[in-house]
Amino acid sequence: MHRSGATMAWNVFKFCTALRGLGSIMILLVLGVVGVTYYAVVWTNYGPALSDGGLGSLAAFAIIILFHFLLAMLLWSYFSVVFTDPGVVPPNWRLASDEEQRGESDPLNSLEFCVLQPDSSNQRTRFCRKCNQPKPPRCHHCSVCGRCVLKMDHHCVWVVSCVGALNYKYFLLFLLYTFLETTLVTLLLMPHFIAFFSDEEIPGTPGTLATTFLAFVLNLAFALSVMGFLIMHISLVAANTTTIEAYEKITSPKWPYDLGRKKNFEQVFGMDKRYWLIPAYSEEDLRRMPELQGLEYPSKPDFDSQDF
């Protein structure tokens, strides 16, 4: 029995190590898909149409402008996720005394990574056995990164990091712009894809035709898969919960952090509407909204921790 447990732990360790090793490969894969798509859309199909003149040239120009705008927003959001730390627990962090007195701690109690330590004053502090430190509300330990992550949603191999409090908005924007860009490319290349199965002669070299075919298939696959993730995360934002919390929280009609769709949305995207669609926050939002830092989250005033 001991050997079986040790073997399983070793396999998990090797799996986590393999995920860490995928980092640069996944970034190169993303850039490779972008490169193939760019070549098929701009260089092969719509770039040459700019010199044709007339309405066709004008339409091609508008398409290329829209394509570059969405691509720029996609890459900006993607590298914002990659290079932004998802949120680390500050050294010597402790739960604020007023929260401890009210018992406002994360209702999720993971048997593997945390324990609740109540005392005579009804204080509740979550503790990570892996990191040997207290855990803020909504914080979870990532076995791949080997540390606790603030408001952890999941570990994403595509961004080579965890998605947490400080980069969750950027991740959502990455999903949004990826869906819009891949959908646009799919629609643009669909006539060329259909032409492959017709009897008409298709202009272009075998290399350009193969690239167009590959770009269509890749973008169609990404558009369909990302659409599912985007819908799921929209529902999570509306309920002010994360992927981990959605799967681990105790079933209950109450969820302490659900403050209504508007406030739930603002806790992720901020209150300044000018910054909602770009991977950044205004200085005013960062100053007046402590929840954007991942350590403090307002909850319903009538929330009773004993219900969870």
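In this predicted model, the charged end of Arg-138 sits over the ring of Tyr-297, 5.0 Å from the ring centre. The charged end of Arg-138 also sits over the ring of Tyr-257, at 4.5 Å from its centre.

**Aromatic pairs**
- Phe-193 and Phe-197 form an edge-to-face pair, because their ring centres are 5.3 Å apart and their planes meet at 70°, an angle over the cut-off of 60 degrees.
- Phe-193 also pairs with Phe-213 in a tilted arrangement, with 5.2 Å from centre to centre and 35° between the planes.
- This second pair links distant parts of the chain, 20 residues apart: Phe-193 belongs to helix H5 (residues 168-195) and Phe-213 to helix H6 (residues 206-239).
- One aromatic cluster is formed by Phe-193, Phe-196, Phe-197, Phe-213 and Phe-216.

**Annotated transmembrane regions**
- An unreviewed UniProt entry annotates residues 21-41, 53-76, 170-197 and 209-231 as "transmembrane region".
- Residues 170-197 are 93% helix and 0% strand, with the end C-alpha atoms 40 Å apart.
- Residues 209-231 are 100% helix and 0% strand, and their end C-alpha atoms are 33 Å apart.

**Nonpolar surface patch**
- Leu-50, Leu-55, Leu-58, Phe-61 and Ile-65 make a nonpolar surface patch of about 530 Å².
- Leu-58, one of these residues, lies in helix H3 (residues 54-83).
- Leu-58 counts as exposed because its relative accessibility is 54%, over the 50% cut-off.

Methods:
Residues numbered from 1 in each chain as written. Predicted model: local features only at pLDDT ≥ 70, side-chain atom pairs only at ≥ 80, totals over all residues. Heavy atoms only, no water. UniProt positions renumbered as here; feature names shortened; annotations may be inferred. Helix = DSSP H or I, 4+ residues; strand = E, 2+ residues; numbered from the N terminus. Patch = residues over 30% accessible without salt bridge, like charges linked within 9 Å, V, L, I, M, F, W, Y side chains within 5 Å. Areas by Shrake-Rupley, 256 points an atom, 1.4 Å probe, with all protein chains shown as cover. Salt bridge = Lys/Arg side-chain N within 4 Å of Asp/Glu carboxyl O. Buried < 20%, exposed > 50% of the residue type's maximum accessible area, 1.4 Å probe, protein only. Phe/Tyr/Trp six-rings, centres within 6.5 Å; stacked < 30°, edge-to-face > 60°. Lys NZ or Arg CZ within 6 Å of the ring centre and 35° of its normal.
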